[in-house]
Amino acid sequence: MILNRRSLMTTALTLGAMKAFPGLSFAQARPLVFATFTGSWEEAHKAVLVPAFRKANADAAMVLDPMLSVDQIAKVNAAKANPPIDVMLHDPGPALVAIGQDLVEPYPVEKSAYYKDLISEAQEPMGPSPFFQVVGLTYNPEAVKTPPTSWADLWKPEFKGRVGITNLNSTLGTGWLVEIAKMRGGSEANVDPGFKALEELKPNLSAVAANPGALATLFQQGQIDISPGNFNAIQILKARGVPVEFVAPKEGAIAFKTTIHIVKNSPNRELAFKLIEAALTAEVQTTLMNPPYLIVPTNSKVAMGGEIARVLAKDTAELKQKFVFQDWKKINEQRSAWIERFNREIKI
Amino acid sequence: MGTAPASRDVTSYGMGLAAPLALFFLVFFVAPLLQLLWLSLHNDTAGLHWGLGQYLHFLTDPFSLSVLGSTLLLGAEVTLVCLVLGFPIAWLYQRVGPRLQTIIILIVLLPLLTSVVVRTFAWIVILGRQGIINATLQSLGIIDTPLRLLYTQFGVVIALAQVQMPLMTLPLITALGRIDPNLDDASCSLGAGSWRTFFRIVLPLSLPGVIAGCTLTYAAAITAFITQSLIGGGQMLFMPMYLYQQASTLQNWPFASAISIIFLLAVLAVVSVFTTLGRLSRGYGGA
């Protein structure tokens, strides 16, 4: 390491400043920790959100600590008074668990410059939604010549032994079952019709994957040709050259609000707020909407473009009309009973 | 540095050397295990009300018991496949020259050098609809439509057997190596045929290795979360996945703890059966 006069001066000044303002060094005791999701989410946040945040906040130190929602909750629960995470990211189910366990702070809505720009579905006072995850039909265009248009197409006899689904461990699996139930006259409170429909789907089922990620492998191996799938996961597969296409069914694509929260008792509360603000800006959301990320924006000022405009929605109005949001409060009430029932009934 | 006390027994070692590891186990294994037990004795997810509710729930629920049963059965099937396929390799190892021995040991160890995830994905490629097995059978005209191999019990057993094979073969190689080859010749010269020699001499003497191999393979097979879930899929529920579901997706930690404790006890029971057999075999081998 070469020490020149400038770097020595900077170091000396920094040390001096820390001595003069002890509060400064206390606040910097630990950098801001954002527990994002693993995989493509981490890549997108590292490449876009972190630089935007640091630019707006004088290069404030922050780290990404990617982990699953359940792990975030477990870690914060283990040290509620001095949590190791400042900002959490959750799917709708775990978000309600985190709120129920009193792990997150209400978002300071009145202080926020961007909260009011979010479309109404994304405005959650306990933590706004910086992006949506969308579930629709995924199919292999080489094997399925006429693109499917409805969830009901999965039951077509031509897909005998070609359909893949996931079990209810995932948000995708649970949300999809609720949607199927709704299609047959059920609701978040009554998924009986959904289970009946699953029973009828059995001849077509080739695989019940343990998680949505496994569906990707099954497409690659030709084990399945059609399945419910996550828009973003499909884009990654497509980019790798796997023949898959995504289509929003006419009943509406299932949209999950992924919400971002300030952790209660966070020592970096102000920076946490700033990070979430950065995630809500139209600039960050526009960049994330473009390739290679293709993340569905929630800020109404973002002009939809590219693949998202083509496959999902051209603008906020169409998005509201084509997306189906589910009542996860109701879903969470009975989810464990459904998982148990799924365990028992779905054997192929 | 004077002379050691006369009473000191040179064959005994101080416990001090084992203390670091013992302490490590105490802090990172025994303590969490006790915490698990403590948690499992609560009837509610918040851990406030004491009771045996979780255990009652599991032990009176036919579904939970069937998950336990199918997991233990899976272990037995995998162990059997490993034993039947592994024994000839170990036997061969003792009867070939040093160069072939090196090759055999390399083949046996090779799977251990790649990650379980990689090996399991390889099995997805092999067993898939357009996988190697189906493609071969189809090109030979033996089958018209692809067989369903992936996401079946058969697939899980085959994949697990390959993944866990070294755990069976290595103890067998050691055990067979300890048998005096003259015993074989003696048996033959006294008029016993090859099969009789094998069942009366080789097999009994190798039993300690068989028991050790079976214990290791069994324990590894029933707890192999990755292979079970990737090859078995979401509809074949084994204990590790059941546990994960309860702990992670449903956040029902007391029930998950109870499942772990029950699973642990069931495995201990099976392992102790193996050990008892091992003790008996030692008597048999010595007789």
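Residues are numbered from 1 along each chain as its sequence is written, and chains are lettered from A in the order in which they are written. Since we are looking at a prediction, local features need pLDDT of at least 70 and side-chain atom pairs count only at pLDDT 80 or more, while totals for chains, interfaces and linings use all residues.

**View 1. Where chain B meets chain A.** Here 22 residues of chain B are in contact with 21 residues of chain A (contact: C-beta atoms, placed from the backbone, within 7 Å). On the chain B side, helix 5 (116-127), helix 10 (225-232) and helix 11 (239-249) each supply at least two residues (helices are DSSP runs of H or I, at least four residues, and strands runs of E, at least two, numbered from the N terminus). Helix 11 of chain B gives the largest share, four residues. By class, this side has nine nonpolar, twelve polar and one charged (nonpolar: Ala, Val, Leu, Ile, Met, Phe, Trp, Tyr, Cys and Pro; charged: Asp, Glu, Lys and Arg; polar: the others, Gly among them).

**View 2. A pair of helices in chain A.** Helix 4 (residues 69-78) and helix 5 (residues 92-100) of chain A pack at an angle of about 10 degrees, their axes 10 Å apart (axes are lines fitted to C-alpha atoms over the stretch in contact, with angles from 0 to 180 degrees between N-to-C directions). The two helices of chain A are therefore roughly parallel (angles under 35 degrees). A:Ser69, A:Val70 and A:Ile73 of helix 4 meet A:Pro94, A:Val97 and A:Ala98 of helix 5.

View 3. B:Ala90 sits in helix 3 (residues 62-93) of chain B. B:Ala90 is buried, with 24 other C-beta atoms within 10 Å (buried: 20 or more within 10 Å, C-beta atoms placed from the backbone). Leaving aside neighbours within four places in sequence, B:Ala90 is in contact with B:Thr169, B:Leu172, B:Ile173 and B:Leu176.

**View 4. Inside the largest nonpolar core.** Of its 149 residues, A:Val87, A:Val134, A:Leu275, B:Leu160, B:Met239 and B:Ile259 touch the most other members (core: buried Ala, Val, Leu, Ile, Met, Phe, Trp, Tyr and Cys residues joined through C-beta atoms within 7 Å). Helix 7 (residues 153-177) of chain B contributes the most to this core, 15 residues.

**View 5. Helix 9 of chain A and its cover.** The buried residues of helix 9 (residues 231-239) of chain A are A:Phe231, A:Ala233, A:Ile234 and A:Gln235. Their cover includes strand 5 (131-139) and helix 8 (212-220) of chain A. After helix 9 of chain A comes A:Gly241, with a positive phi near 90 degrees.

How values were computed:
Two residues are in contact if their C-beta atoms, placed from the backbone, lie within 7 Å. A residue is buried if 20 or more other C-beta atoms lie within 10 Å of its own, exposed if 12 or fewer, and partly exposed in between; C-beta atoms are placed from the backbone. Angles under 35 degrees count as roughly parallel, over 145 as roughly antiparallel, 65 to 115 as roughly perpendicular and the rest as oblique.
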